[in-house]
Amino acid sequence: MTPHTVLPIAPAALASLRTLDDAGRACLPYEDPEGGAPLRCCLRRSAPGERIALVAYAPLRRWAAETGADPGAYDEQGPVFIHAADCGGPAAAAGHPFAHSGALRTARRYDKAGHILGGRVLALGEDPDTEVERALAEAFADPLTALVHVRAAEFGCYLFEVRRG
């Protein structure tokens, strides 16, 4: 059994983001001409022609509202791609989302107050799923780690959240 769970953006947050994003901007859906956008609602890449939106998302702020934490200055927001309408979330899939050879990822650890405990840069090689799994196991080996945000190192963009259990 995996001691942690990979999570997309929650359905309630997605419903809100499809109206007004976390920066207070209206959602502006468009047809993706090329595909390949990393969708945080279903944890897969978009296909050409899908209706998507680029919105500002504050993952730690959303988590803190759920848990009563106060991340203070660690609260941040950034761009994420989502489907313009409900997509039903992720399909069951093996491996970690957006993990492929050559990708640069960061695994940033937070405590229950929402403060950063540390992070790790991952240069994914021949076995990206095993490398991500190893980094997550290492992160959750620290009992103070409440959650981990996995991000694209190249752009700093939030990709997904990982929680205990």
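1. Contacts first: in this predicted model, 62% of the protein's contacts with a separation of 6 or more join residues 24 or more positions apart. A contact here means heavy atoms within 4.5 Å.

2. A word on the ground rules. The model is predicted, with local features needing pLDDT of at least 70 and side-chain atom pairs counting only at pLDDT 80 or more, while totals for chains, interfaces and linings use all residues. Residues are numbered from 1 along each chain as its sequence is written, and side-chain values use heavy atoms, leaving out hydrogens and water.

3. On secondary structure, the protein has three helices and ten strands, taken as DSSP runs numbered from the N terminus (helices: H or I, at least four residues; strands: E, at least two). Starting at the N terminus, the order is β-α-β-β-β-β-α-β-β-β-α-β-β. The radius of gyration is 15 Å, close to the 15 Å from the globule rule for 165 residues, so the protein is as compact as a globular protein of that length. That radius is taken over C-alpha atoms, and the rule is 2.2 Å times the number of residues to the power 0.38.

4. For your box set-up, the C-alpha atoms fill roughly 40 × 40 × 30 Å along the principal axes. The accessible surface is about 8300 Å², with 57% of it belonging to carbon and sulfur atoms; areas come from the Shrake-Rupley method with a 1.4 Å probe, and for residues only the protein chains shown count as cover. Of the 165 residues, 42% count as buried, that is, under 20% relative accessible area.

5. Now the largest pocket, which holds about 270 Å³ of space. Of its 14 lining residues, Leu43, Pro90, Ala91, Ala93 and Pro97 are the closest to its centre. A pocket is an open set of points on a 1 Å grid over the protein atoms alone, where a 1.4 Å probe fits, with protein on both sides within 12 Å along at least five of seven lines; lining residues have an atom within 4 Å of a point. Points are joined across faces, edges and corners, and the volume is the space filled by probe spheres set on them. The lining has ten nonpolar, three polar and one charged residues (nonpolar: Ala, Val, Leu, Ile, Met, Phe, Trp, Tyr, Cys and Pro; charged: Asp, Glu, Lys and Arg; polar: the others, Gly among them).

6. Two backbone angles deserve a look. Most residues other than glycine have a negative phi. Leu43, in the loop between strand S3 (38-39) and strand S4 (44-45), has a positive phi near 55° and is buried at 15% relative accessible area. Phe98, in the loop between strand S6 (78-83) and strand S7 (104-110), has a positive phi near 60° and is buried at 8%.

Technical notes. Buried < 20%, exposed > 50% of the residue type's maximum accessible area, 1.4 Å probe, protein only.
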